[in-house]
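Here is a short briefing to read alongside the model. Please take a look at the chains first, and then we can walk through them together.

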Amino acid sequence: MRHEVRFSGFGGQGIILSAVIIGRAAVMYDGKYAVQTQVYGPEARGGASMSAVIIDDEPILFPKVTVPDIYVIMSQEGFEKYGASAQEGAVMIIDSTLVHSRPACTCIEVPATKEAREKLGRDIVANIVMLGALVAATHVVSETAIERAILDSVPKGTEKLNQSAMTRGFELIKERGQSA
Amino acid sequence: MQGNIACAEGALAAGCNFFGGYPITPSTEVAEHMAIKLPKKNGTFIQMEDEIASMASIIGASWTGARAMTATSGPGFSLMMENIGYAVMTETPCVVVNIQRGGPSTGQPTMAAAGDMMQCRFGSHGDYSAIALCPSSVQEMYELTVKAFNLADRFRVPVFLMADEIIGHMRERIIIPDKVEHIPRRPLAPGVLPFHPEDDLVPGFPEFGKGFGVHVTGLTHDERGYPCATNPKLHEQLVMRLYNKIEHARKEIADYVVTNPDAETVFVTYGSPARSVEQVIHDAAGEKIGHLRLKMVWPFPEHAIAEFPNAARFIIPELNLGQVAREFDRHTRVPVIQVPKLGGDLHLPAELKKLAGVAA
């Protein structure tokens, strides 16, 4: 089964890291193939950032995402630039704290930045809340794979915080019983 | 693993023990990784003041016997040109990685291009031949970096690893071998003049600090290494030897992959557009589409064209305005269709299918 996942937000949110973590989970812990690519500007922070992952059971030839079936959108500008064109059959997970628009496709609202700020005390893990929600909603990789890939990828000393963020993402989906 | 990290890991596996460079997007991860890893392996990492000095530093390091490399992108590559010529003339083995981005000038720092393919062949002044490798996967970033070091030491030349931003920044699965091939630099035999060539036109290497008295100069020099810049015959002999040591090995060192050799429609690629064509061939399973994928663009493997005896058209997608297509065109009477692309996007399989007459 091939999935094309596109992440978008603003520079500094961890948009590229999110795609790296999902790809790592797929390759290292689920035994699949994955290719991760990105688009970013010369700015260090701010500006719309986009990254993408293809996950497949077969080796991946063309490495760029063309028609994503899954979107993770974390900023209004990111939505306008990279999310608004989503096809009808796609699933979009939106950080409802920061994105006001809604797509025509299936939309799952996750108040990731609000949750990260209020429940976890740090905005910075909002992308990990989104990753938890993404996995719980779409099963694009397994829950154990994403957990191990997150722990591989975050700075030492922040493992607990990131684990809680991921779990909060799982819960937000499961509480709603919303699964695509 | 990311392509740039795979390049650095390949260099370390090949025994690279000196990196001199100046950070530039989209190549910086190569330098970052070498800065972390080299000191732990008793190697040397130096961030130089610019790319002119970076190139000079790896030439100096190489003369002490080091396996030396630098990594850059377009603007830095332009600055390196003068010293690249110096490495050619002094026969200094070294590896120059260029993760190509959109130019001219600072252009598009974060977007892919292949606009430096002719620059790496002809960019420094004077006549010479060049070796340029073009990876199209993270796996090949590793493998071709290893190969670059071996070719550099064998021919005593700067070898170019000409990747692009897509391959450099892409992350995908890689299998790292336990051991890599190692072709050592041939030392200068005792009693032989330092620039006296052996049968393969390559002189043995008189490593600094090993007791050789050797003069190294960018001026035209005799076999002793002494300047001799007004002797027309000697200059011609020297430049022809520098040229022919690679040209004579053209067939032997050629590195390309042939798919469906009996096809009438044949794609020719190097770097990331190869991935678009592989997708086209995969999707068009019933139809015969040929593919000549060049892992080494320079010296140009013109004999590879004969691998496709039924070719009625060659389609050449490139991330530039047709730099290699033009070279290809002068070696064949079969029509060559250029598919240039600027801006940083990769050719979509759909647009190539249309050109090849394959159902989308």
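Let's start where the chains meet: 18 residues of chain A are in contact with 16 residues of chain B, a contact being two residues whose C-beta atoms, placed from the backbone, lie within 7 Å. This is a predicted model, in which local features need pLDDT of at least 70 and side-chain atom pairs count only at pLDDT 80 or more, while totals for chains, interfaces and linings use all residues. Residues are numbered from 1 along each chain as its sequence is written, and chains are lettered from A and ligands numbered from 1 in the order in which they are written.

**Where chain A touches chain B**

- On the chain A side, helix H1 (15-29) and strand S2 (33-39) are the elements that give two or more residues; helices (H or I, at least four residues) and strands (E, at least two) are DSSP runs, numbered from the N terminus.
- S2(A) provides the largest share of that side, with six residues.
- By residue type, the chain A side divides into 11 nonpolar, six polar and one charged (Ala, Val, Leu, Ile, Met, Phe, Trp, Tyr, Cys and Pro count as nonpolar, Asp, Glu, Lys and Arg as charged, and the others, Gly among them, as polar).
- S2(A) also pairs with strand S8 (residues 171-172) of chain B, in the antiparallel sense and over two bridges; pairing requires at least two bridges found by DSSP between two strands.
- Within this pairing, Val35(A) has Glu172(B) as its bridge partner in S8(B).

**The two domains of chain B**

- The domain assignment of chain B gives domain 1 (3-169) and domain 2 (257-356), with bounds that come from an automatic or database domain assignment.
- The C-alpha centres of these two domains of chain B lie 26 Å apart.
- Their contact takes 24 residues from domain 1 of chain B and 20 residues from domain 2 of chain B.
- H5(B) gives the most to the domain 1 side, with four residues.
- That domain 1 side divides into 16 nonpolar, five polar and three charged residues.

**Confidence in chain A**

- Chain A has a mean pLDDT of 93, and 96% of its residues reach 70 or more; pLDDT is the predictor's confidence in each residue, from 0 to 100.
- In chain A, confidence is lowest in S2(A), at a mean of 92, and highest in strand S4 (residues 70-73), at 98.

**Around Ile93(A)**

- Leaving aside neighbours within four places in sequence, Ile93(A) is in contact with Tyr71(A), Val72(A), Ile108(A), Val110(A), Met130(A), Ala133(A), Leu134(A) and Ala137(A).
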